[in-house]
Amino acid sequence: MTQLEYLNIGKPQPRIDGMAKATGEAKYAGDLKLPRMRIGTLLGCPHPHARILNIDVSKALTLPGVKAVATGMDIRGQKYGPFRSRRDETGLALHKARYIGDPVAAVAATDEDAALEAVEQIWVEYEELPAVFDAEEAMREGAPLIHEEYRTNICAHRGFNFGDIEEGFKASFHVREDRFSSQGLSHGALEPRAALARFDASGKLTLWTGTQSPYNVRQDLSLVLGLSASRIRIVKPFVGGGFGGKGGLSAHEIAASLLAVKTRQPVRIHLTREEEISITRLRHPMSIYVKTGVKKDGTIAAQYVKCIANGGAYASTSLMVAYNSGLTFLIPYRISNFSYDGYVIYTNRPVSGPMRGHGANQPRFAVECQLDMIAADMGLDPSELRLRNATQKGDTSVNGLVFNSCELSRAIQTATRVSGWNQKRGRKEANRGIGMACGGFVCGARAGSHTASSSFIQVDEAGGVVLSSGSSDIGQGSDTTLAQIAAEELGLSPSDVSVISGDTETTPIDPGTFSSRVTFYAGNATLQAALEVKKLLAEIAAMYLEAPAEDLEFKDHKVFARGVPEKAIPFSKLAQMAVGFGHGRSIIGKGQWAPQNTQFPDKNTQYGNVSGAYSFSAQVAEVEVDTQTGEVKLIKVTIADDCGQVINLLGAEGQAEGSVSMGQGHALLENILFGDRGQIMNPSFLEYKIPTALDMVDVSFHEVGSPDPCGPFGAKEIGEGLIISTVPAIINAIYDAVGVRIKELPVRREKILEGLSKS
Amino acid sequence: MRASRLGQRLFMSGRRIWLHVNDEEYEVEIEPHKTLLEVLREEFDLTGAKEGCGLGSCGACTVLVEGEPILSCLTLAVDVQNKPIVTIEGLFKEGHPHPLQRSFVEEGAIQCGYCTPGMILSAKALLDERENPSPNEIQEALSGNLCRCTGYNKIVKAVQSAMRRPS
């Protein structure tokens, strides 16, 4: 779709940190070492719900090698959490523990063996309390309260009412009501979380941590420790994947910090996989009730949705999940009468939090499956039904979302054409099926606190360019994307740009990596910084080229007046003249950016344009079902994606392929199993199965976007929006293959066989 | 590194062993219950091998011993004395990356990079053994190395392109 000629934008760009990672040189938090470093480890509560009567650490402290023990009593500040209105965590439990594994204490010792031995010698006296594990049970009157101060286990409730659903259902030709459910999932980033804390003689705390949001971690750590944020520095080394899991402040970061303060020695804590799965965050298990009415032509007349999610013991980002689960309905399709109730419920289970798609995945699965069921009821082609409802450019949704760019119709048409939809649909080959689903996603929802991204760019006297961005590359490749953006504007190659990112002391403020916001926000901030640098350099170049500064072009490492490329100054020469002996100036550009057209959703009505742009996509999945064993094999996924102007084609394809793989896991393989005391029964990769190389799916990726007016070079998001439609596309393909409708995730073989025996 | 807890205090005394790592011989004193992964990371500062699970189920700790990919989190260091060990750091020779390292970068086979060292070493063992493996054989050979970012497509592509690249 590229209309303009770019040097770097839209091209496949190998990542700038690729060789550091390929050679093992890249250091992750758990690889870092400091002199006199101590190793920390956590102690978890063995009960699902218990009052902590006493913690006796005296024996542990006498063991050889043990340097310090920290408990909830050491936390002097207030509780923390991503939402000001619901700060309910202390990291190390204070007075009460709320799930099996809830950290209650931590030890620092000279080595890991000593630390592990010491945690077993911490004697905690508990008074067990009645516990509740099921969300709908926890909602009932009289259920044990997880957090007494809120007087209810309803952690979050968001309601939307737009148009008139009563009238809408009355005017409907066909109405369906269905219940769907989605399981708990683990992010499965290959790097378990790790952090290294140092408290120096000046009273400053430095925490190197594998995080998605250094600035947010600093803010919350400041609250918990009662230490001014200006005395805390958070540094993000290389991060081994996040997918939402490494977003907020975590118990091990608090524990390492407390122990470093106590011992005045550096303390590192590296979670085990078991801890990573059990005591960080999970995707919300959710029940979704959808009632949809359509007119005779298939257009949606009314929709009512109720979502009930199990939030586990602490709020994390559940307030946002309760909103996002409703929001997702109003992005890809035009719905004028819509009503929604979304609940996230506290229970005595491990904590649910943000994970790629952030509350959109579960309801998207429900509604995309139900649309197919409606299409089947009415004898319509599912792709045609979607086309008739598709959001169009220029639309404003009933809840105020403004769609300045949208190519969903083109995405549906492309996906059907390229995948061979018409030739393959309707079981043309035995036990093979094809299914479709659509989706749309925000490009960074308006955050309640700090929301803008910022960048600095400095040019040195040799023409070297250093970009400093507060954003976090956690593996998705944002450092490379930002380098491409800066390089494009300055007429350089991405490899000419050094990127420093994710450090609260050396990079400017940025909320971090979540809500699929980095390219859109930090990309624009970087573009702005690059434009300022360009302006400063152009003023100087203009004197030598005898042309107005605004007529100068920066291209191929040179600067010249438009139309006169033969009379050019090399970029490095210009830098030397500007910074070095010629003019002696500082060439520094700064950018800070947030979209102007967004609002926080209204407290009462939930009306408001929460994002500066929205991505759209259509996906077609092809599966083969073994009718003897019930096994489903995902063969191919075709994606037509409107992510605006692609910046890095290699990165975009990587996000698409990774999303398909994670969606495949969600639909077919992964399932966090909870025991009768709410404990996780499969906290390892042996039992919690993520896709392997043998599960690899053929992914056919097609860009169908047009540049968004607000995005940097017209770019939108691609990190989160795609996974949400992979799951329903697979489920719809299973139906096409064997006529079995799955409404509970993950797909289990016995469900397929049971369905087959009925048909 | 919970997997190393067995016998933790019983063998406190160190033991001198010889390890042959990345073409060099070292004498180290270690506790006998230490895994190869712990020794490589703690004694040699070779942190390219990662711990992703500690149970031998993710492959992030893969290194080559006598050319074979092994899970260093399940291998005791004392068991690989005097056997040639190659870690990811040993593949980058005299400033020259191995063809697999180059193709992984160029094909976009790396995202977060945490699985990359193990993945490249498993691929190297395969290519050292077979000249022209099929895509399916590549998938098979890498099936013990988990990757959560890429969906494996670009990893398989990178191995194929390294096959065509002169070393």
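The domain bounds I will quote come from an automatic or database domain assignment. For chain B, that assignment gives domain 1, residues 2-91, and domain 2, residues 99-163. Please keep in mind that this is a predicted model.

The C-alpha centres of domain 1 of chain B and domain 2 of chain B are 23 Å apart. Where these domains meet, 16 residues of domain 1 of chain B and 14 residues of domain 2 of chain B take part in the contact.

Which strands supply the domain 1 side of chain B? At least two residues each come from β3 (62-65) and β4 (68-71) of chain B. The largest share on that side, three residues, belongs to β3(B). As for residue kinds, the side of domain 1 of chain B that touches domain 2 of chain B has nine nonpolar, five polar and two charged residues.

Now to the other chain. Between the chains, 46 residues of chain B are in contact with 49 residues of chain A. On the chain B side, four helices each give at least two residues: α2 (99-106), α3 (116-129), α4 (135-141) and α5 (153-163). By kind, the side of chain B that touches chain A divides into 22 nonpolar residues, 17 polar and seven charged.

Definitions and conventions: Residues are numbered from 1 along each chain as its sequence is written. Chains are lettered from A and ligands numbered from 1 in the order in which they are written. This is a predicted model: local features need pLDDT of at least 70, side-chain atom pairs count only at pLDDT 80 or more; totals for chains, interfaces and linings use all residues. Two residues are in contact if their C-beta atoms, placed from the backbone, lie within 7 Å. Ala, Val, Leu, Ile, Met, Phe, Trp, Tyr, Cys and Pro count as nonpolar, Asp, Glu, Lys and Arg as charged, and the others, Gly among them, as polar.
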